[in-house]
Amino acid sequence: MKIWSAPTPNGWKVAIMIEELRERGLVLDDLEVTTVDLRAGEQFSAAFTAVNPNQKIPALQDGDITLMESCAILQYLAEKYPSALLPEGAARWQVLQWLYWQAANLGPVFGNKLSYTRYLGDVDASLRAHPLERFGSEAQRLLRVFDKQLQGRDYICGDDLTIADIACFPWIRGWKWSKIDITSHARVVDWLERLRNHAGVKRGVAYGAPTGEAEQWSEDTKKRYVSMGAGIASNDNIKAS
Ligand SMILES: N[C@@H](CCC(=O)N[C@@H](CS)C(=O)NCC(=O)O)C(=O)O
């Protein structure tokens with residue numbers, strides 16, 4: 001089985017999944033993880049496009065199956081290596097519902113807020129004002145939905161960590177970077193701390209991070225991320241591809 005990834009929120013979902021499966025004693029020994037250099041534009045290469053026509057990480061290939069979309073990959077891995085990360089029966093639908101909620105709402109909204117906050121500095125401030133307001137207020141609405149769901153629950157769907165939590169975690173943990181204030185959502189803050197303490201989560205977020213920087217980036221790493229994101233977010237790049 002091959003996975004193409006990078007140290008970004010959607011990449012970390014898969015890294016955390018691999019490490020949480022290992023925490024549960026599952027053996028993923030036929031696994032090969034390749035890092036795609038997004039700054040160098042490797043996602044646009046013919047070889048990678050053959051695996052993922054959407055030209056974004058992560059992607060997976062397992063025998064005849066090729067998959068794009070991080071949440072589809074989480075579900076695939078959870079089905080291939082069964083565990084409480086994707087329970088059976090009615091609980092499964094709860095998890096899948098929140099997994100799709102992440103893919104359709106939390107990811108795009110937090111991702112767009114991040115882009116306008118950090119990566120589109122060359123775009124006139126007056127043009128950025130509306131998307132910043134729109135994605136900022138929508139992010140706060142989603143956090144209210146999330147906080148309410150966590151009422152009486154340690155994890156999104158109950159007492160156990162699932163792939164829905166894994167999908168949401170990398171975006172929520174980057175709240176300072178995207179300048180989406182989570183501090184008025186007490187249950188989300190507690191949930192974030194709970195997730196951080198999982199051994200698999202700790203190892204997963206360290207994938208691709210300079211040693212010791214998984215939680216707190218150096219100024220050099222921040223600069224590197226801004227330049228990487230600026231290239232990805234720029235319209236010139238979209239035209240070129
Ligand atoms: N909905 C997709 C989003 C994937 C995505 O946006 N990946 C980003 C990194 S987090 C990427 O590859 N960006 C490179 C580009 O846009 O050129 C998923 O969940 O897999």
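Me: How many nonpolar, polar and charged residues are in the shell around the ligand?

Reply: By class, the shell has 7 nonpolar, 5 polar and 2 charged residues. Here Ala, Val, Leu, Ile, Met, Phe, Trp, Tyr, Cys and Pro count as nonpolar, Asp, Glu, Lys and Arg as charged, and the others, Gly among them, as polar. Before we go on, note that this is a predicted model, where local features need pLDDT of at least 70, side-chain atom pairs count only at pLDDT 80 or more, and totals for chains, interfaces and linings use all residues. Residues are numbered from 1 along each chain as its sequence is written.

Me: Which residues of the shell are closest to the ligand?

Reply: The closest are Thr 8, Asn 10, Lys 56, Ile 57 and Ser 70, out of 14 residues that surround the ligand. A residue is near a molecule if its C-beta atom, placed from the backbone, lies within 6 Å of it. Helices α1, α3 (70-80) and α4 each supply at least two residues of this shell. Helices (H or I, at least four residues) and strands (E, at least two) are DSSP runs, numbered from the N terminus.

Me: In what order do the strands of the sheet stand?

Reply: Strands of a sheet pair through backbone hydrogen bonds, either parallel or antiparallel. Two strands pair if DSSP finds at least two bridges between them. In this model, 4 strands form an open sheet in the order β2-β1-β3-β4, with mixed pairing. Since β2 and β4 (65-68) stand at the edges, each has a single partner strand, so one side of each lacks a neighbour in the sheet.

Me: How many bridges join β1 to β2, and how many join β1 to β3?

Reply: Strand β1 (residues 2-5) runs parallel to β2 (residues 32-35), joined by 4 bridges, while 3 bridges join β1 to β3 (residues 59-62) in antiparallel fashion.

Me: At what angle do α4 and α6 pack?

Reply: Angles run from 0 to 180 degrees between N-to-C directions, with axes fitted as lines to C-alpha atoms, for helices over the stretch in contact. Helix α4 (residues 90-119) and helix α6 (residues 163-173) pack at about 10 degrees, their axes 8 Å apart. They are therefore roughly parallel to each other (angles under 35 degrees count as roughly parallel). The residues of this contact divide into 10 nonpolar, 2 polar and no charged.

Conventions: Angles under 35 degrees count as roughly parallel, over 145 as roughly antiparallel, 65 to 115 as roughly perpendicular and the rest as oblique.
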